[in-house]
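Thank you all for coming.

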Amino acid sequence: MKLAEHPTVKRVRSLQAQVVEERHAPLDADWLRHLVLEAGADDVGFVEVDRPELADQRDDIRRFFPPTKSLISFVCRMNREPIRSPARSVANLEFHHTGDHVNDVAHRIVAVLEREGIRAVNPAMGFPMEMDRFPRKIWVVSHKPVAVAAGLGHMGIHRNVIHPKFGNFILLGTVLLDAEISEYHRPVDFNPCLECKLCVAACPVGAVSPDGHFNFSACYTHNYREFMGGFTNWVEQIAEAKSGVEYRQRVSDPESASMWQSLSFGANYKAAYCMAVCPAGEDVIGPYLNDKSDHLKTVVRPLQEKAEVVYVVPGSDAESHVVKRFPHKEPKRVGNGIRPRSIEARHPH
Ligand code: B12
Ligand code: SF4
């Protein structure tokens, strides 16, 4: 049978004429907004791919999905109290649960668009990422600048996006699509961040500076101890230990059990205290405005006072920060898997 006579081909050809006509009309923004909210998002905005705010990631986006014309940015709320709990298992459950939800929402949006004949892709909320590129940029799209451009909030001093209503208790998702949209959004005209600096005070490794500078290495070494670089360093501890006894001198039983937990149930963050204490956002700010000292007592102090191991690179600013600010926390010197990759970096002139 000739290809043109195959039943599938005949049916598709008859539908194609209609689809080609529809492809040139921009997608209706109201219809799309409804679709995203119905899929389970709490807020949504649209950005054209040519926007200046996306300049530094446009090439990456086009490399991963060349026909991208627009981006759908959406947020899903996290429950606040679990994120604030000093029990990190409770906070991690909330991060993982909402993270999965973001991925589900993005998947549903793409499924509907695909049925409508519109090509779209849904990069992950977090993981999996492009690990063959590690330790360079391993993520497909930077959700934060897209969300800011789409009018879903601004980054606070702690570099997380704060939604004007939900505060920073949100995770972000992005869908890339091969269609224009009838209406695009602009950034919110104020920053919900109150500049209260509670995030600065809460971070155990001093990663958040009062001027908004973020110490990536400090956060990554502690908070991401059981992810990429911290995991590699743990493997090296196993390789270098000559016996079980020596391994246990390097890695405590709770640390081994914690690594098992991360490998079995999804990698666990060690802190995220910056996000936990943030009082910004209409839905969040009430109790803080009514009684600041109660917010300090019930939300900030329990995290500051928690006795815990804090992972630091030897001689780093993070190490001095723990020693000075949190003498009851135990700094543990570790490698973070970030190695100089070039000859110049290994042998600086
Ligand atoms: C890389 C990354 C990190 C890195 C760097 C954080 C950062 N500020 O960029 C680390 C590992 C430290 C991290 C930590 C956390 N992250 Co994170 N992370 C990402 C990721 C993959 C990309 C972020 C990004 O676009 N950075 C680039 C630009 C836009 O950010 P920037 O602040 O202007 O610049 C920073 C980076 O360039 C970084 N940097 C500098 N040098 C290097 C080198 C390397 C190798 C890397 C990887 C990064 C890096 O430091 C700069 C200063 O902040 C996104 C997911 C995604 N695909 O978008 C989630 C994301 C930003 N993370 C998120 C969360 C929740 C967290 C944590 C709270 C995790 C946790 N549960 O503990 C903490 C918060 C730390 C903080 N205060 O920022 C959420 C934020 C949600 C929100 N409301 O904004 C995101 C958007 C995931 C999501 N889909 O919701 N994260
Ligand atoms: S804790 Fe305060 S300073 Fe930090 S991001 Fe939130 S509102 Fe801004």
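Let me begin with a term: a contact means heavy atoms within 4.5 Å. Helices (H or I, at least four residues) and strands (E, at least two) are DSSP runs, numbered from the N terminus. What you see is a predicted model, in which local features need pLDDT of at least 70 and side-chain atom pairs count only at pLDDT 80 or more, while totals for chains, interfaces and linings use all residues. Residues are numbered from 1 along each chain as its sequence is written, chains are lettered from A and ligands numbered from 1 in the order in which they are written, and side-chain values use heavy atoms, with hydrogens and water left out.

Which residues of helix 13 are buried? In helix 13, residues 282-290, they are V284, I285 and Y288, where buried means under 20% relative accessible area, exposed over 50%, and partly exposed in between, with a 1.4 Å probe and protein chains only. Looking down the axis of helix 13, we find these buried residues within an arc of 90 degrees, so they line one face of the helix; the arc is that of the directions from the helix axis to the C-beta atoms. On the other side of helix 13, E282, P287 and N290 are exposed. The cover over the buried residues of helix 13 includes helix 4 (80-84), helix 7 and helix 14 (292-305).

Now to the charged pairs, where a salt bridge is a side-chain nitrogen of Lys or Arg within 4 Å of a carboxyl oxygen of Asp or Glu. The structure holds 17 salt bridges. One of them joins D178 and K69, whose closest N and O atoms are 2.5 Å apart. This pair links distant parts of the chain, 109 residues apart, with D178 in the loop between strand 6 (170-177) and helix 7, and K69 in the loop between helix 3 (55-64) and strand 2. D178 is buried, because its relative accessible area is 8%, whereas K69 counts as partly exposed at 34%.

Finally, how confident is the predictor? The chain averages a pLDDT of 94, and 94% of the residues score at least 70, pLDDT being the predictor's confidence in each residue, from 0 to 100. Over residues 342-349 pLDDT stays under 50, and the model has three contacts beyond four places in sequence for them.
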